[in-house]
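This report covers the charged pairs and the DNA contacts of the structure shown below. Please read it alongside the coordinates.

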Number of protein chains: 2
Amino acid sequence: MESLQPGRFALKNGEAMKISEASTKSGLSADTIRYYEKSGLVPAVERGPDGLRRFSPENIEWLTLLYWLRKTGMPMKEMQRFAALYRDGEVTIADRRKLLLKHSERLRQRRMDLDRCNEVLAYKIAAYYKIEGDLS
Amino acid sequence: MESLQPGRFALKNGEAMKISEASTKSGLSADTIRYYEKSGLVPAVERGPDGLRRFSPENIEWLTLLYWLRKTGMPMKEMQRFAALYRDGEVTIADRRKLLLKHSERLRQRRMDLDRCNEVLAYKIAAYYKIEGDLS
DNA sequence: CACTTGACTTGGAGTCACTCCAGCCCGGTA
DNA sequence: TACCGGGCTGGAGTGACTCCAAGTCAAGTG
């Protein structure tokens, strides 16, 4: 459908990357990228005449964002919702912003968990250290 | 074997808890506690005459530690190794300390991920915010 | 020109760490 | 007596990958 508009994407091939390059640039493995596409997290990845995926710079930016969201614990369901909003264009910007704000709240929580765990570890490590001293 | 020493554990029943209490105190679900026991993460949980598990305060402390380790991303395999060391007594204290140190290094790494993600989010949120302004 | 190499394709099986559930037993209450 | 809550076991299901077999295609080599 897009390809009916003559020349619209015709000469962007210089920018288009295959999956391995998309993988190194986004941080996601090739398997994960394919999996995300199947799961509806990546809208409209084009294919070259050889049938291979071609990723635009915008695709890469999107994948990179997904990489960070997933790495910091956003569940797939929420990423799917985020992707649906992304697909629907600028009218969803406010919703997307809210979704990211919610995630940054989650990050705050996770950081608190890390800090609390660090305390527990410090306590344990000190206790072990003391016992080691007593043993020798 | 321990029970051959008369009275050694005989009157500790006032302290012993059932699984639901162990769950609220440790933070792990009852299902997870049973799963951890099956997987060899929890050494020697005793049973009452009714066949139900009885958790000692030491059990609870151990489960709580597992809770924090798992919550902050220590893999099962490593927890199993940690549990094996714990079972083998004080001679393994130095190894246990090293294992926890390694984990706290992992925490450092995770925190860096959170911070990096926060930057990405802040950037995106600001960009969205600007677009919202332009739209209205 | 045949052959090999290597990057890519798909569909499907396997993995990790739970989580949920069916079907059972048991002690206490109305 | 009938029921209820809480525990038990073994096993199936889930989320998010991860790995693999079997195939296609393009480019490079003898």
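Over all chains, the structure holds 26 salt bridges; the term means a side-chain nitrogen of Lys or Arg within 4 Å of a carboxyl oxygen of Asp or Glu. This is a predicted model: local features need pLDDT of at least 70, side-chain atom pairs count only at pLDDT 80 or more, and totals for chains, interfaces and linings use all residues. Residues are numbered from 1 along each chain as its sequence is written, chains are lettered from A and ligands numbered from 1 in the order in which they are written, and side-chain values use heavy atoms, with hydrogens and water left out.

**Salt bridges**

Side chains of opposite charge can pair when their charged atoms come close.

| Pair | Distance, N to O |
|---|---|
| A:R97 and B:E132 | 2.4 Å |
| A:E132 and B:R97 | 2.4 Å |
| B:R108 and B:E105 | 3.0 Å |

A:R97 meets B:E132 in a salt bridge. This pair joins two chains, because A:R97 lies in helix α5 (residues 93–135) of chain A and B:E132 in helix α5 (residues 93–135) of chain B. Helices are DSSP runs (H or I, at least four residues), numbered from the N terminus. A:R97 is buried, at 14% relative accessible area. Buried means under 20%, exposed over 50%, and partly exposed in between (1.4 Å probe, protein chains only).

A:E132 and B:R97 also form a salt bridge. A:E132 sits in helix α5 of chain A and B:R97 in helix α5 of chain B, so this pair too joins two chains. B:R97 is buried, with 15% relative accessibility.

B:R108 and B:E105 share helix α5 of chain B, three residues apart, about one turn of the helix. B:R108 is partly exposed at 46%. B:E105 is partly exposed at 38%. In chain A, salt bridges link A:E78, A:K102 and A:R106 in a network.

**DNA strand D**

Around DNA strand D there are 15 residues, and A:Y36, A:M76, B:S20, B:R34 and B:R53 come nearest. A residue is near a strand if one of its heavy atoms lies within 4 Å of it.

Which helix gives the most to the surface near DNA strand D? It is α2(A), with four residues. Both α2 (30–38) of chain A and α1 (19–26) of chain B supply at least two residues.

A phosphate oxygen of DNA strand D lies 2.6 Å from a side-chain N or O atom of A:Y36. For B:R47, the corresponding distance is 3.1 Å.

Conventions
Polar contact = N/O pair within 3.5 Å; in protein donor to acceptor, adjacent residues only side chain to side chain.
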